[in-house]
Amino acid sequence: MQLEVSGLKSGYGKVQILHGIDLTVSPREITAVLGPNGAGKSTLMKTIAGHLPVMAGDIRYRGNSLVGKSALSICKEGIGFVPQEGNVFAALSVRDNLRAASLAFEGAGQRIAEVLRRFPIFGERSDQAASTLSGGERQTLAIAMALVAGPDILILDEPTAGLAPIFVDRIVSWVRELAEEGMGVVWVVEQNPEKILAVSGTAYVIDAGRNSETVEARSLLAPGRLEEVLLQVHV
Ligand SMILES: Nc1ncnc2c1ncn2[C@@H]1O[C@H](COP(=O)(O)OP(=O)(O)OP(=O)(O)O)[C@@H](O)[C@H]1O
Ligand SMILES: [Mg+2]
């Protein structure tokens with residue numbers, strides 16, 4: 001089932017940031033979202049996930065509108081969200097983070113075991129506080145926390161920003177696996193997005209709160225195209 005965002009407007013208080021965004025997320029595919037700093041990518045993801053109110057437009061999933069629903073009910077509809085920042089409880093152990101993330105969801109206890117199998121790096125680290133994990137391990141934990149709710153759509157906001165290449169490769173390959181198993185993934189890509197674009201379907205370029213281009217992700221790998229869309233430099 002596709003997630004359909006149409007004419008979405010939102011922002012912070014009276015300050016409008018998104019001026020009518022369209023986005024379609026399909027199952028079994030990674031949908032890339034990119035654009036310059038401050039374009040509104042995180043604002044878009046927070047609005048879809050119910051962390052910010054919708055000012056206008058619609059977000060539809062499984063025949064229903066998600067507008068006005070709480071973040072928890074959107075999660076229960078099957079939409080998981082890994083925010084760009086503050087996405088784990090630093091003082092809690094890996095296992096307790098997963099437990100905390102699972103509290104509101106039926107069957108989540110069993111999914112904790114599945115998630116621990118999927119991410120073997122947690123093996124001996126389950127009792128370690130999240131604050132002591134490396135950046136890559138912490139991002140993996142944040143993704144694992146979203147997975148314990150059993151989402152069908154997974155929204156990742158710059159999950160590999162600033163990570164060592166080995167972790168970028170691991171996370172790209174895990175997320176690819178999830179998409180192959182049927183999940184629809186939205187990946188807000190960072191400044192060096194080649195690895196993700198290479199495995200994505202559609203790429204949405206956002207600029208100043210509006211759609212600027214919607215293209216096949218791989219087409220952005222052509223020389224000069226990334227600079228053009230990320231810096232809005234026309235070469
Ligand atoms: N909590 C907030 N309150 C008020 N304005 C905000 C808030 N968060 C973001 N903004 C503003 O909204 C605009 C879009 O920010 P947003 O974080 O969505 O951009 P982004 O595309 O995710 O950027 P980045 O690439 O840096 O992550 C910016 O002008 C920013 O200053
Ligand atoms: Mg952002």
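Colleague: Which residues of strand β6 (residues 79-82) are buried, and on which faces?

Modeller: In this predicted model, Ile79 and Phe81 on one side of β6 and Gly80 and Val82 on the other are all buried, so both faces are covered. Buried means 20 or more other C-beta atoms within 10 Å of the residue's own, exposed means 12 or fewer, and partly exposed lies in between, with C-beta atoms placed from the backbone. Strands are DSSP runs of E of at least two residues, and helices are runs of H or I of at least four, numbered from the N terminus. Local features need pLDDT of at least 70, side-chain atom pairs count only at pLDDT 80 or more, and totals for chains, interfaces and linings use all residues. Residues are numbered from 1 along each chain as its sequence is written, while chains are lettered from A and ligands numbered from 1 in the order in which they are written.

Colleague: How do you know that β6 and strand β7 (residues 153-157) pair?

Modeller: Pairing takes at least two DSSP bridges. β6 and β7 have four, in the parallel sense, so they pair. Val82 has Leu156 of β7 as its bridge partner.

Colleague: Why is Arg62 called exposed rather than buried?

Modeller: Arg62 has 11 other C-beta atoms within 10 Å, so it is exposed. Arg62 sits in the loop between β4 (54-61) and β5 (64-65).
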